Amino acid sequence: MKLIGGKLDEDEGLQEHGFFYYPVRPTSFVVSDALDPDFPLIYVNSVFEAATGYRADEVLGRNCRFLQFRDPHAQRRHPLVDPMVVFEIRRCLEDGIEFQGELLNFRKDGTPLVNVLKLVPIHGDDGSMTHIIGIQLFSEANIDLNSVSYPVFKQQCYHRSSHHDVNATTYEESSKSDDSDFCGILQLSDEVLAHNILSRLTPRDVASMASVCTRMCELTKNEHLRKMVCQNAWGREVTVKLELSIKLSGWGRLARELTTLEAATWRKMTVAGRVEPSRCNFSACAVGNRLVLFGGEGINMQPMDDTFVLNLEAANPEWRRVKVSASPPGRWGHTLSWLNGSWLVVFGGCGQRGLLNDVFVLDLDAQQPTWREITGEGPPLPRSWHSSCTVDGSKLVVSGGCTDAGVLLSDTFLLDLTKEKPAWREIPSSWSPPSRLGHTMSVYGRTKILMFGGLAKSGSLRLRSCDAYTMDLDEDDPEWRQVATSGFPSIGPPPRLDHVAVSLPCGRIIIFGGSIAGLHSPSQLFLLDPAEEKPGWRILSVPGQPPKFAWGHSTCVVGGTRVLVLGGRTGEEWNLNELHELRLAS
């Protein structure tokens, strides 16, 4: 978006953001000053004037909320305007992020309009938000303006009862007498109940509230309320990832399925393309709906340095080699993690000249993708078969692994990649889990880490482990703590290494696969909620075709609701054209 000689270059902005196509349908376009706390309008185009009936000189310098008032002289928004949408707009403006949704507006003459709205923040060179671009599609709204509240509860009690009782009273009349005798909370308005109370509950609690009475049931059906509940419980980043999953199901159904896992199922799929030369001990992760694979161990222990991508949104997904102008040294036994947007980070592993402790990042969507080395001060010891994860989309956490001399490690390091000159920082802990390799680290609750399993040192022995440990990086002095799980020991996962750990949006973690002693099946799924006061393992029974083998570095989580396991192992090779998908939501 550009201001050229005082005139807004509208066509360029609309094409750049790809939201509306101006020549097909007239699009209203406004600009607000984000440096003013009230976000006053500083520009409106002629389409806005024609659609709303307001002249530019009547609205410049005012906040655009006046469109929520049916009368130009009204002192508050119309009760039919959904306060959940208004609240979401306010939150997006405060956080400096995009908003997209529908909102009831009114022309100057009081005619109701549906405003399909997108707000795009514009940032200055110093990163501060300077302007808000508003892109609006107006259409006439077919609604009953005689309703008394925004449409989450449309007097349905009255309509249902009127078929059976000609003397039935309206909801408002009955609520004055019944609610006061029944429960004081029901005397609150729909807006207060939804915005101030229900939106702050967990998805499970909201589902319980829906069974209290008809009014609560109708309130909890509102999609904006359900989205806010999920966002408050799971965080904004998670709900943004899940946006693609709710087009057909809705937030209520998605929350239920991710809470109960009632819809979880395995399915087998085959993809085209070739990852050549063949390899094992590679590392993979998901970037949006794309799977990315880097490196691996080729024939005669040859370290590989190539990058492949599988686009799951394609009609016929196939593996394609990414043409990069520069690549890290070949390696295997490393970790590949997703940072944010289209960025990836690789760390450590075993290369041609021994173990590595270098860091490389890649922007997959760059015009010419290039692996770029990040030189951080005070790096950890070179290692392989370690575990790593990313926190806040910018911090790389590395733990454990094995040195060139075969010594197991127990240290934990953090590298903040947002810094101009990143520096490694060892996280001191008064107590650390036993040294190990082949374990997993999963992020839950935004800043908390769960470590599970691996081949751990036990005295003079090295044994498979089934222990779990947690650390909260948001604490002033983060400490490792062992998770004391409840229930019978036989319920928990058997000791293992090189397994899979999947973080669910609601903070729970699924464990399966890996190297397991005895006759236990690596396809059996185990569930743990580390945030519970007394965490306990659950065994999940999931129908479908599970993989016979599942290795942690070959498994990717896509969109928060899909777990893709790459290939089936045959000896030392992996068939990368065979995928198994664990779908967590229908």
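Guide: Here is a talk through the labels, one feature at a time.

Guide: Keep in mind that this is a predicted model.

Visitor: Fine. What makes up the protein chain in terms of helices and strands?

Guide: There are twelve helices and 39 strands in it. Buried residues account for 52% of the 586 residues. Of the contacts with a separation of 6 or more, 54% link residues 24 or more positions apart. The chain exposes about 28200 Å², and carbon and sulfur atoms supply 50% of that.

Visitor: Is Cys506 buried, partly exposed or exposed, and how do you know?

Guide: Its relative accessible area is 23%. Buried means under 20% and exposed means over 50%, with partly exposed in between, so Cys506 is called partly exposed. Cys92 has 3%, so that one is buried.

Visitor: What is the largest nonpolar core made of?

Guide: It has 29 residues, and those with the most contacts inside it are Leu291, Leu293, Trp319, Leu566, Leu576 and Leu579. Strands 10 (283-287), 11 (290-297), 12 (303-311), 35 (555-558) and 36 (562-566) each supply at least two residues of this core. Another core lies apart from it, with 25 residues, including Trp251, Val502, Phe512 and Ala585.

Visitor: What does Leu579 touch?

Guide: Setting aside neighbours within four places in sequence, its contacts include Leu291, Leu310, Leu564, Val565 and Leu566. Arg267, Lys268 and Met269 are among its contacts too.

Visitor: Which residues of helix 7 are buried?

Guide: Helix 7 covers residues 190-197, and Asp190, Leu193, Ala194 and His195 are buried there. The buried residues of this helix pack against helix 4 (83-95), helix 9 (214-219) and helix 10 (223-234).

Visitor: How many cavities of 30 Å³ or more does the structure hold?

Guide: One. The largest cavity holds about 40 Å³ of space.

Visitor: Which element gives the most to the lining of the largest cavity?

Guide: Strand 20, with three residues. Strand 19 (395-402) also supplies at least two residues of the lining. The lining includes Ser399, Gly400, Leu409, Ser410 and Asp411, as well as His439 and Met451.

Visitor: Why does Asp411 count as buried?

Guide: Its relative accessibility is 15%, and the cut-off for buried is under 20%, so Asp411 counts as buried. Asp411 lies in strand 20 (residues 408-416). Beyond its neighbours within four places in sequence, Asp411 is in contact with Arg383, Val398, Ser399, Gly400 and Glu426.

Visitor: And Met441, is that buried or exposed?

Guide: Buried, because its relative accessible area is 8%. Met441 belongs to strand 23 (residues 440-444). Leaving out residues up to four places away in sequence, Met441 touches, among others, Cys389, Val397, Val398, Ser399, Met451 and Trp480. Its C-alpha atom is separated by 9.8 Å from that of Ala468, 27 residues apart along the chain.

Visitor: Now the backbone. What joins Glu276 and Pro277?

Guide: A cis peptide bond, with omega at about 0°. Pro277 sits in the loop between strand 9 (272-273) and strand 10.

Visitor: What is the phi of Phe39?

Guide: It is positive, about 50°, although Phe39 is not a glycine. Phe39 is in the loop between strand 3 (28-33) and strand 4 (41-44). With a relative accessible area of 16%, Phe39 is buried.

Visitor: What about Met301, buried or exposed?

Guide: Its relative accessible area is 52%, and exposed means over 50%, so Met301 is exposed. Met301 lies in the loop between strand 11 and strand 12. Its phi is near 60°, which is a positive value in a residue other than glycine.

Conventions: Residues are numbered from 1 along each chain as its sequence is written. This is a predicted model: local features need pLDDT of at least 70, side-chain atom pairs count only at pLDDT 80 or more; totals for chains, interfaces and linings use all residues. Side-chain values use heavy atoms; hydrogens and water are left out. Buried means under 20% relative accessible area, exposed over 50%, partly exposed in between (1.4 Å probe, protein chains only). Helices (H or I, at least four residues) and strands (E, at least two) are DSSP runs, numbered from the N terminus. Contact means heavy atoms within 4.5 Å. Accessible areas come from the Shrake-Rupley method with a 1.4 Å probe; for residues, only the protein chains shown count as cover. A nonpolar core is a set of buried Ala, Val, Leu, Ile, Met, Phe, Trp, Tyr and Cys residues joined through side-chain atoms within 4.5 Å. On a 1 Å grid over the protein atoms alone, a cavity is a set of points where a 1.4 Å probe fits but cannot get out, and a pocket is an open set with protein on both sides within 12 Å along at least five of seven lines; lining residues have an atom within 4 Å of a point. Grid points are joined across faces, edges and corners, and a volume is the space filled by probe spheres set on the points.
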